[in-house]
Amino acid sequence: MEDQEKSLLEPADWGSFREEAHRALDIALDFARDRAKAPVWAPLPEYARNIEEGLPRSGAPLTTVVDEIQQRVLPHTLGNTHPRFWGWVNGSGTPSGIVSQLLNGAINANVGGRDHSPIYIERQLIRWMCELFDYPLDAGGIVCTGTSTATLYGLAVARHRTLGDDVRQLGNQDTRLVAYCSAQAHVSVSKAIELMGLGSDALRAIPVQDDFAINAHALAEQIVADRAAGLQPFAVISSVGSVNTGAIDDLQAINAICAEHHCWHHVDGAFGALIALSDTMRPRLAGIEQADSIAFDFHKWMHVPYSSACLLVRDREEHLATFATAHAYLKGENRGVAGGAPWPNDFGIDLSRGFSALGPWMLLKEMGSQRLGAAIERNCRQAAWLGEQVDAHPALERLAPVSLNIVCFRFVTGSIGADQLNRLNRHLVVELQCRGIAVPSFTRLNGNTAIRVCIANHRTTRADLAALIEAVPLLGEELLRAGGEPAAFELQ
């Protein structure tokens, strides 16, 4: 009878399990230490893509499962922990992040609510972020999966302030709400507007200046025109580190426009807001402390394991009024396990939430804000240096100012036309990736295809960037020689 009461899911032998767990940790640490020795990325072999295996019925020893991960998964990852990964905006993690994930698994907290220590770790982290951005220390905030979710939450609070409590029962009704963002804004902004039931037509994409920051004069004119047309402007979404070029919108000008026209100012600071960690770069965020809400990711330029992000809302009560409920099964108490309200689920929609605050909390405790800020400064110096190397090379052309950590450039040649040159540069990016040389991404600026290098990687050195500068012209010439007809540069 006693054997029947034992857990079916715990190890039969804790000693041997401990040995295997230590082996798995060693594999993880070796992978982190040695990642730079392998190509950044390589096309996946068929065995890594195979998903045809049926549902496991009887299971296998942990050692067998770990071995499969070591053989099937680790050699074929995205590569964002490699020093030459500069595609999109991906965090590169830290070795101590492995430890935070291990402890997180042991704690296995549901941080939706109730009175337990992880709730207070998240509250302390939010308070630290309020301190970082000069927000009131009792401002609203929540840790979430990413800036996409944080932006949706922030705009939901903006709508609630505009329409009042009735919006929770009646919805948008016949209101003609409109919001505004840069033409360079992230796609998550339009997704948020769509998910709120306003429709993509309710989002105005405002033209940008030569530096790719929003044209504040055009923004003000559009708001005035929309009011005259009977529409109801309710929010402006600024970009702090636009996804294409790293441009920073003029936050002080947008604050003034929002104050005049009674609009909410939401800052999309997915990666760029964290330059606040650097005393040298912090002045570029002048005005962010007056914004109504700020969204940013810990898992990008702070290198926390995925996924962990944050929303701050200056008006805590408005944030709470947007999401809190009064259902009996979520009612708090003065003491006991149901103490400690209001809970995180009162500031968002997730009732079941992981302990995503542990990673950034541990990293800040271990590294300190100054050390993290210094790593960000170094990435920006590296980007400035890379821009200088591009400018000095006769076969390369820079396509945008280097605002933060993003360098957009292209390989140039007079032997083909503009359309073929665009296809060549896109093909060049793919070849860099497939050969394991480096992983940039590409984008389009003013009709030109750009090789986009986003340096949000604490492992990157100037030698890595110099290797890219050497490889791009050589590979460009190789593709030209092998291409024959321009159609050879077509991509699927």
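Modeller: The sulfur of Cys380 lies 9.7 Å from the closest cysteine sulfur, that of Cys454, which is too far for a bond; a disulfide is a pair of cysteine sulfur atoms within 2.5 Å. Cys380 counts as buried at 10% relative accessibility, where buried means under 20% relative accessible area, exposed over 50% and partly exposed in between, with a 1.4 Å probe and protein chains only. This is a predicted model, in which local features need pLDDT of at least 70 and side-chain atom pairs count only at pLDDT 80 or more, while totals for chains, interfaces and linings use all residues. Residues are numbered from 1 along each chain as its sequence is written, and side-chain values use heavy atoms, with hydrogens and water left out.

By the disulfide rule the count is 0. Cys144 is in no disulfide either, its nearest cysteine sulfur being that of Cys310, 6.9 Å away. Cys144 is buried, with a relative accessible area of 8%.

Cys310 is also touched by Met129, along with Phe296, Phe298, Leu312 and Leu364, not counting residues up to four places away in sequence; contact means heavy atoms within 4.5 Å. Met129 is among the residues with the most contacts inside the largest nonpolar core, which has 56 residues. Such a core is a set of buried Ala, Val, Leu, Ile, Met, Phe, Trp, Tyr and Cys residues joined through side-chain atoms within 4.5 Å. Helix H5 (117–132) and strand E7 (309–313) are among the elements that each supply at least two residues of this core; helices (H or I, at least four residues) and strands (E, at least two) are DSSP runs, numbered from the N terminus. The largest share, 7 residues, comes from H5.
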